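Open the model in your viewer and keep the selection tool at hand.

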Amino acid sequence: MEIVVAENAGFCFGVKRALELVVKAAEDKARPVHTLGPLIHNPQEIARLERLGIRPAESLDDIADGAVVLSAHGVDPALQSEARARGLEVIDATCPFVSRAHQHIKTLCDEGYAVVILGDPGHREVEGLAASSDRQAYIVTSGEDARAVPRQRRCGLVVQTTQRPEALREVAGELALRCDELRVFNTICEATVSRQESARKLAESVPVMIVVGGRNSANTTRLAEICERAGAQAHHIETAEEVQPQWLAGAARVGVTAGASTPEWMIERVVERLREIAGESGGS
Ligand code: SF4
């Protein structure tokens, strides 16, 4: 069985940057370092950070002193001010691409545009973006949702960084018919586009795709959807141990891709596990 790893898979620039910031902060043992919510959406990597002494906190109320690191997904801007007001050191690990989306929303609000966010409701990045619009934004996930947005004179569209370009096309097309003036900020990040393209290409040439990443990771879930649409049977897993030999029965090739918050060592473990299964079943 041939095992092919997608050309672009795993850690992106924003996640690497966030991890570097938090690990560097933890080197200074003079004060405790906390992350507000999971720094990235990968439970195994979060567990590694905990072993380095980095403490996850659910809210500011759980942090008495020290430093608080804001996740790569960004947060409600009011939370940053509150953390500083409480005397905490704030380390902002928000990905610059997410910060750019916040900036676009503020500009739209200042200029009197109704704001529409294409994104997954409840996702931390989308919650943070909505907060930048004073929670006035309409959150949509599809063209169908966009059809329910009331008619607007001026409307601006901003996109969760990990959405599919096809969803942007669909939503922008619908909104254009429902307002006099539409401004579209394509805030899907390059890392997302390249990972999705590589996954799609690979999924078109293999019967089975293994998609590695946190179950709470929006971009990993999206990769699995893309692989299914491309015709492969996609299995979204968090750890190598989850791979089931029966998924690979009869497959001459299997593809592997991984979300932007999946470390290289997890991809390698999955490849090793696939090799073991191929060996056990007499494949090459
Ligand atoms: S997926 Fe893109 S926006 Fe999100 S952290 Fe990575 S580089 Fe930044």
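Select arginine 183 and tyrosine 113. The arginine lies over the face of the tyrosine, 5.5 Å from the ring centre. Such a charge has NZ of Lys or CZ of Arg within 6 Å of the ring centre and within 35 degrees of the ring normal.

This is a predicted model: local features need pLDDT of at least 70, side-chain atom pairs count only at pLDDT 80 or more, and totals for chains, interfaces and linings use all residues. Residues are numbered from 1 along each chain as its sequence is written, and side-chain values use heavy atoms, without hydrogens and water.

Next, select arginine 253 and glutamate 2. They form a salt bridge, with the closest N and O atoms 3.0 Å apart. The pair links distant parts of the chain, 251 residues apart: strand 12 (residues 253-258) holds arginine 253, and strand 1 (residues 2-5) holds glutamate 2. Strands are DSSP runs (E, at least two residues), numbered from the N terminus. The salt bridge count is 17 (a side-chain nitrogen of Lys or Arg within 4 Å of a carboxyl oxygen of Asp or Glu).

Now show the ligand. Around it are Cys12, Gly14, Cys95, Phe97, Thr161, Cys189 and Thr192 (a heavy atom within 4 Å). This shell has four nonpolar, three polar and no charged residues.

Key:
Ala, Val, Leu, Ile, Met, Phe, Trp, Tyr, Cys and Pro count as nonpolar, Asp, Glu, Lys and Arg as charged, and the others, Gly among them, as polar. Helices (H or I, at least four residues) and strands (E, at least two) are DSSP runs, numbered from the N terminus.
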